[in-house]
Amino acid sequence: MPEGNGSDEPLVVMDNCEIVYDEYFLACQGVSVDVTEGDVVALIGPNGAGKSTILKMISGIGQLERGRVTRGSVHFDGEDVTNAGPQEMVDRNVTHVLEDRHVFETLTVEENLRCGLYRNDKRFRYDPEDYELAFEYFPRLEERLDTKAGYISGGEQQMLVIARALLHSPRLLILDEPSLGLAPQLVDDIFETIERINREEEVTMMIADQNVDKVLDAADYGYVVENGQIELHDRAEELLQREEIKEFFIGHDEGEDPYADIKHYKIRKRWV
Ligand SMILES: Nc1ncnc2c1ncn2[C@@H]1O[C@H](COP(=O)(O)OP(=O)(O)O)[C@@H](O)[C@H]1O
Ligand SMILES: [Mg+2]
């Protein structure tokens, strides 16, 4: 689907960014993130670390929440898009799937998908084939086409928002917490599908997720975000091997607060 830009420069270059909300709340400092075209890049780290903020400043959604890059710069495809708004980034084929599965609940699954065709000017003149890409990766949606999106399961809603985004023909697809609240089997399915989309459609992706092992499994490269800074970054397979990642993020029971244990806190200190 997307074409390379022919240069060695990464598709996204966030360089030494400071991000401030409401002109006073400092959310991120000195954040540098590169995304190579064709890669899946994972952002991991605890709640409130700044993962969503980084994603929102790339898609322009942050502008709607009074977020600003106050130092540093963001480049997309070699062009300066620092503090660009969401419309400009949509025009550049950046599609952001926000946390919490924002379906239009009172519209059917089909009508939700049709919204994904909006950019192709097919909103009112669409063919059934236009949905093929969505059904290719999420066949379940085809069975649910006439159901109101508010009445399908959480897993199906997650499929729907990713499928809808896919119909935008994204060059960069940003997924914020795609596995949040899903049953383990569905988490596996979603990440498997995400990997397939990346491989087969060659869509570059950025994903923030709490399922650290799963998201790193799907990713080429990973960034650990803590307290608004990048604490660690490496190839995903290297990160998966690191003891502090295993112990801190992966090796605790569901529902248990990994910060509760002082031992983990010491491990965290070693990163700094
Ligand atoms: N719209 C907003 N306005 C003000 N502060 C925000 C907003 N969104 C997030 N924050 C703050 O920015 C920090 C980083 O949050 P966030 O990027 O959502 O972290 P994460 O996605 O890693 O959980 C937190 O302290 C959070 O409270
Ligand atoms: Mg978040």
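How many helices and strands does the chain have?

**View 1. The predicted chain as a whole.** In this predicted model, the chain has eleven helices and ten strands (DSSP runs, H or I of at least four residues for helices and E of at least two for strands, numbered from the N terminus). Buried residues (under 20% relative accessible area, 1.4 Å probe, protein chains only) make up 50% of the 272 residues. Of the contacts (heavy atoms within 4.5 Å) between residues at least 6 apart in sequence, 67% join residues at least 24 apart.

View 2. R101 lies in the loop that runs between strand 6 (94–97) and helix 3 (109–116). Although R101 is buried, it has no salt bridge (a side-chain nitrogen of Lys or Arg within 4 Å of a carboxyl oxygen of Asp or Glu), and the nearest side chain of opposite charge, D100, is 6.7 Å away. A polar atom of the R101 side chain lies 3.5 Å from the backbone oxygen of G154. Leaving aside residues up to four places away in sequence, R101 touches several residues, including G154, Q157, P178 and L182.

**View 3. The buried face of helix 3.** The buried residues of helix 3 are V109, E110, N112, L113 and G116. Seen down the helix axis, these residues fall within an arc of 160° (taken from the directions from the axis to the C-beta atoms), so they line one face of helix 3. They pack against helix 4 (132–137), helix 5 (140–143) and helix 6 (154–166).

**Notes.** Residues are numbered from 1 along each chain as its sequence is written, and side-chain values use heavy atoms, with hydrogens and water left out. Local features need pLDDT of at least 70, and side-chain atom pairs count only at pLDDT 80 or more, whereas totals for chains, interfaces and linings use all residues.

Notes
Chains are lettered from A and ligands numbered from 1 in the order in which they are written. Lys and Arg count as positive and Asp and Glu as negative; His and the chain ends are not counted. A polar contact is a pair of N or O atoms within 3.5 Å; within protein, one must be able to donate a hydrogen and the other to accept it, and residues adjacent in sequence count only if both atoms are side-chain atoms.
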